[in-house]
Amino acid sequence: MSPETMDLVKADLKKPSKEPVSLESERRKGMILVHYVERDTKVFRNKWLRNITDTNIEPLMEFADYARTKLSFKKPKTPVQFLNQLELMMSDPDLVEQRYEISLLMVIGQRAKSFEETFRICLDRLRESTNDHIMPYCLSFSPEMEGREVKCVHEYENNINRWLQEIEEVFEEIEKTKKEYELLGSPSFCEHIQNYSKILFIMDSIFDVFAKMHEPIKSWVVADEAYSSRVQFELNSILRRKMVIADALKRHNSRVEDAKHKLIRSNFDTKKMHEKLQDVLTERRFCRKIELSSRDDIEIIEVDLELKKKELDDVTNRLLHRKVNSQSIYDSLTARMSFLQEDIFKLENQARKHKQKLLGMKKDRYRVQKEVHRLKNEYESCQKDSARVHDFADTQSRSTKDLIEEQQDLTSKAKSLRRIRQIKLHPDTVKDIYLHGYTPGRKLSFSDPFKKAFTVAAEGVGGDWMRLYKRLPFVPSRPSEDRSQDVEDINLARRSLDAGIEHLAFASLKTWQHHSKVVSLNSLVKTLRRIKKFDTANRVEKIVARSIK
C-alpha cells in the first residue's frame with residue numbers, strides 16, 4: 001500500500017483513549033459502527049431522498065434572490081447561514097404570501113445540512129471501525145510461520161491484503177465524490193440550489209459508495225472470527241498427517257532393517273560363491289596344467305619310442321644281413337634287440353598309462369568346466385540379487401529420509417500454528433498491540449510474571465507458607481476466619497492430591513490472587529521481607545525488574 005493511500009486510509013486516525021479489552025470486543029465495536037452507518041444512510045435516504053417533489057427550483061431561485069435583495073442579506077455560504085436567513089424571511093410580514101416557497105427552500109437547506117452531518121458521522125465511523133478496531137487487531141500473524149506455507153494462514157493474509165485494497169479504493173472514491181459535491185455547491189449555497197438535481201444524484205451516489213465499504217469489513221470480521229477455528233482445523237490435519245507419517249516411518253524402518261539384513265546375507269552369499277568360483281577356477285587351471293604336462297610326456301615318450309623302434313629295425317636288419325657269422329656280433333646284436341624290445345615295451349606301457357591319465361584329466365577338466373559355468377551363473381545371480389537388495393535398501397532409505405524431512409516440516413508448521421492460535425486467543429494480544437503496535441516479523445511474547453514469581457516464592461517459603469498467606473494484603477480486607485478456612489481448604493487439597501510443600505505455597509499465592517482485587521509483586525516482596533525471607537524477596541524482585549523492562 002502506497003504512503004499516500006495509507007495517509008488517506010488513516011486520516012484522522014487517533015489512538016483510542018480506552019485500552020481494548022479483548023479481540024471480540026474490538027470486532028464487535030467495528031461491526032456496531034458499520035451497522036450504525038447502514039442505519040444512518042438508510043434513515044437519510046428514507047427521509048430526504050425518497051419521494052422528492054422540489055426538483056423544479058427555478059422559481060425558488062428567483063424568489064431567493066428577490067428576498068435576499070429586498071432584505072439586504074449577505075450571500076449565504078453554508079446551509080446553516082441559509083437556514084438562518086430563511087427563518088428571518090418567515091418572520092417578515094412582507095413575505096407572508098411566500099411562506100410556501102420559503103418552506104421549500106428550508107427543506108433544501110435542511111437536506112443539505114443533514115447530508116453534511118450524516119456524511120461526516122458515517123465517514124468518521126467507518127474510519128474508526130477500520131483504523132481503530134479492525135485493522136490493528138484482526139491480523140493473520142503470518143510472520144510467525146517464518147516462510148512456511150500453510151493454506152489457511154496464506155489465504156487469510158491474501159484476503160486481508162485484498163480487503164485493505166478494497167477499503168482503500170472505497171475511501172478514495174468517497175473523497176473523489178465528496179470533492180464533486182463541494183465543487184457543485186461552492187462558493188456559496190446559491191450555487192448549491194442551481195446544481196440541485198446533480199447534488200441530489202451525488203448524495204445518493206455517496207451513500208452507495210459507503211455501502212461498498214460494508215462488505216469487506218464484514219467479510220474481514222467474519223473471517224477473523226473463524227480464523228482460530230481454521231488454524232485449529234489445519235493443526236489437527238497436520239497432527240493426523242504426522243501420525244500417518246509416524247506409522248509409515250515405523251514400516252519403512254522395519255523394511256530398511258530387513259533390507260539391511262538381506263543385503264548383509266546377500267553379500268555374504270556372494271562372497272562365498274566368489275570363493276567357490278575361485279577354487280573351481282584354480283582346480284580347472286590345475287587340471288589344464290596336468291593335461292598339458294601329460295601331453296608333453298606322451299609326445300616325449302612317442303618320440304623316444306619312435307627312435308627305439310627305428311633302432312630296433314636297424315638292429316634287426318643288421319642281424320639278418322650280417323656278412324660275418326661271428327658269435328660275438330650275433331650275441332651283441334641279439335642283446336641289443338632284447339634291450340630295445342624291453343625299452344619299447346616299457347615306453348608303450350608308459351604311453352598307455354599317460355594316455356589313460358590324459359583321458360581321465362580331460363574328463364575331470366570337463367567336469368570342472370561345467371562346475372565353473374554353473375558357479376559363474378550362480379555368482380552372477382547372487383550379484384544381481386545383491387544389486388536388487390541394495391537398490392531396495394537405498395529406495396527405502398530415501399523414502400525414510402523424505403518422510404523424516406516431511407515430519408520435521410510438519411512439526412515446525414504445527415509449532416507455528418500453535419503459536420498463532422495462542423497469540424490470537426490470548427487476552428493480552430490486543431493490549432500489546434495497543435501499547436506497542438504490531439510490526440510484521442516481530443514475535444509477540446506473553447509471559448506471566450506472577451507465575452514465575454509465585455514459583456520462586458513457593459520454593460523459598462516452603463513450610464512458612466501459612467505465615468506468608470496470613471500476612472499478605474487483601475483488597476478488600478479478608479477476615480482472619482476466611483483466611484483460616486482458606487488454609488484448611490489448601491491442606492485438604494494436599495491430602496487428596498498428595499502434594500508437596502512447594503505446591504501448597506504456590507496454591508496459597510494463587511488463592512491470594514483469586515480473592516484480592518489488587519495483587520502486585522511489590523506487595524509480595526514486602527510481605528516476604530516482613531517474614532524475614534530476604535533472599536526469596538530479592539529473587540522475586542529481580543523478576544519484577546525484568547517484567548518492567
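This report walks through a predicted model of one protein chain, from its overall make-up to a few individual residues.

## How to read the model

Residues are numbered from 1 along each chain as its sequence is written, and side-chain values use heavy atoms, with hydrogens and water left out. Because the model is predicted, local features need pLDDT of at least 70 and side-chain atom pairs count only at pLDDT 80 or more, while totals for chains, interfaces and linings use all residues.

## The chain as a whole

The chain has 16 helices and zero strands. Both are DSSP runs, numbered from the N terminus: helices are H or I runs of at least four residues, and strands are E runs of at least two. Of the 549 residues, 39% count as buried; buried means under 20% relative accessible area, exposed means over 50%, and partly exposed is in between (1.4 Å probe, protein chains only).

The accessible surface of the chain comes to about 32,600 Å², and 52% of it belongs to carbon and sulfur atoms. Such areas come from the Shrake-Rupley method with a 1.4 Å probe; for residues, only the protein chains shown count as cover. Among the contacts in the chain with a separation of 6 or more, 80% are between residues 24 or more positions apart. Here, contact means heavy atoms within 4.5 Å.

## Helices H8 and H9

Helix H8 covers residues 196–320 and helix H9 covers residues 327–425; they pack at an angle of about 170°, with their axes 1 Å apart. That makes H8 roughly antiparallel to H9. Axes are lines fitted to C-alpha atoms, for helices over the stretch in contact, and angles run from 0 to 180 degrees between N-to-C directions. Angles under 35 degrees count as roughly parallel, over 145 as roughly antiparallel, 65 to 115 as roughly perpendicular and the rest as oblique.

The residues of the contact of H8 with H9 divide into 48 nonpolar, 24 polar and 37 charged. In this grouping, Ala, Val, Leu, Ile, Met, Phe, Trp, Tyr, Cys and Pro are nonpolar, Asp, Glu, Lys and Arg are charged, and the others, Gly among them, are polar. Ser228 is found in helix H8 and is buried, with a relative accessible area of 10%. Leaving aside neighbours within four places in sequence, Ser228 touches Arg421, Lys424 and Leu425.

His133 sits in helix H5 (residues 99–134) and is buried, at 6% relative accessible area. A polar contact of 2.7 Å joins its side chain to that of Glu26. A polar contact is a pair of N or O atoms within 3.5 Å; within protein, one must be able to donate a hydrogen and the other to accept it, and residues adjacent in sequence count only if both atoms are side-chain atoms. Beyond neighbours within four places in sequence, the contacts of His133 include Lys29, Leu33 and Cys138.

Asn159, in helix H6, is partly exposed, at 23%. Asn159 and Ala223 are 64 residues apart in sequence and 9.0 Å apart in space, C-alpha to C-alpha.

## Backbone details in the loops

Most residues other than glycine have a negative phi, and most peptide bonds are trans. Phe141 has a positive phi, near 55°, and lies in the loop between H5 and helix H6 (151–185). Glu146 has its place in the loop between H5 and H6, and its phi is near 55°. Phe141 is buried, at 2%, whereas Glu146 is partly exposed, at 48%.

A cis peptide bond joins Val475 and Pro476, with omega about -5°. Pro476 lies in the loop between helix H12 (465–471) and helix H13 (480–497).
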